[in-house]
Each structure stands twice: as structure tokens, then as C-alpha cells.
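Here's a quick tour of the charged side-chain pairs in this one. Have a look at the model first, then we'll go through them.

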Amino acid sequence: MDVGLKFPKGKTKKKRISHPASILGSRKGRCYLCGRYTQTEEHHIFGGPNRTLSEQYGLKADLCLECHQFGAHAVHKDQAVMDETGSL
């Protein structure tokens, strides 16, 4: 805290952003691509600097670890699968 200042700054609160559910019908715990019930991660349809747009509009899908990152045809490894999920 700024103790001893003539005009100390007041506390500011960070604005909370609401994260809407996926508009794709994706659910936590079930992979959107393969349909398995397992641990899932959110995949944002728009990546990089446009990720906030994916959050804002609910353009995200829950994918299992294999379909998301680690499998042979994971969306982050296979451009054809990435393009397919982008056009969902």
C-alpha cells in the first residue's frame, strides 16, 4: 500500500468477465469429437489474439486430451482436423 503519500491511490477492483457456455453443445467431461467420457480441456475455435472472441461468443469445444493435444490427429497437430473444428 502507498503509505505516506499525500494523495494515496484508492483500491481498484478488476472487472470480472462472464464466460458463457459453449454454443456448440459441448459439455465438460465428454469429448466433442470422439464422444468419450473422460477428462476434457476447452479448445477455443479462434486462437491467438482472437481467443477473447471465442470466450465472448461461446465458440469453444470440450475435447479429450488425445483429440486436443497429444493424439496423432489432435487439433493442435493436424491442420485438417483444426479446419474441421473451426467450421463446426
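Which side chain does Lys28 meet in a salt bridge? That would be Asp62, at 3.8 Å from N to O. A salt bridge here is a side-chain nitrogen of Lys or Arg within 4 Å of a carboxyl oxygen of Asp or Glu, and by this rule the count comes to 4.

A word on ground rules: this is a predicted model, where local features need pLDDT of at least 70, side-chain atom pairs count only at pLDDT 80 or more, and totals for chains, interfaces and linings use all residues. Residues are numbered from 1 along each chain as its sequence is written, and side-chain values use heavy atoms, leaving out hydrogens and water.

Three of these pairs, including the one above:

| Pair | N to O distance |
|---|---|
| Lys28 and Asp62 | 3.8 Å |
| Glu42 and Lys60 | 3.7 Å |
| Glu55 and Lys60 | 3.1 Å |

Lys28 sits in the segment before strand 1 (40-44) and Asp62 in strand 2 (residues 60-64), so to speak 34 residues apart. Strands are DSSP runs of E, at least two residues, numbered from the N terminus. Lys28 is exposed at 63% relative accessibility, whereas Asp62 is buried at 6%. The cut-offs: buried is under 20% relative accessible area, exposed over 50%, and partly exposed in between, with a 1.4 Å probe and protein chains only.

Now for Lys60. Its bridge to Glu42 ties strand 2 to strand 1, across 18 residues of sequence. Shared partners join Glu42, Glu55 and Lys60 into one network. Lys60 is buried at 4%, Glu55 is buried at 15%, and Glu42 is partly exposed at 32%.

Note on methods
Helices (H or I, at least four residues) and strands (E, at least two) are DSSP runs, numbered from the N terminus.
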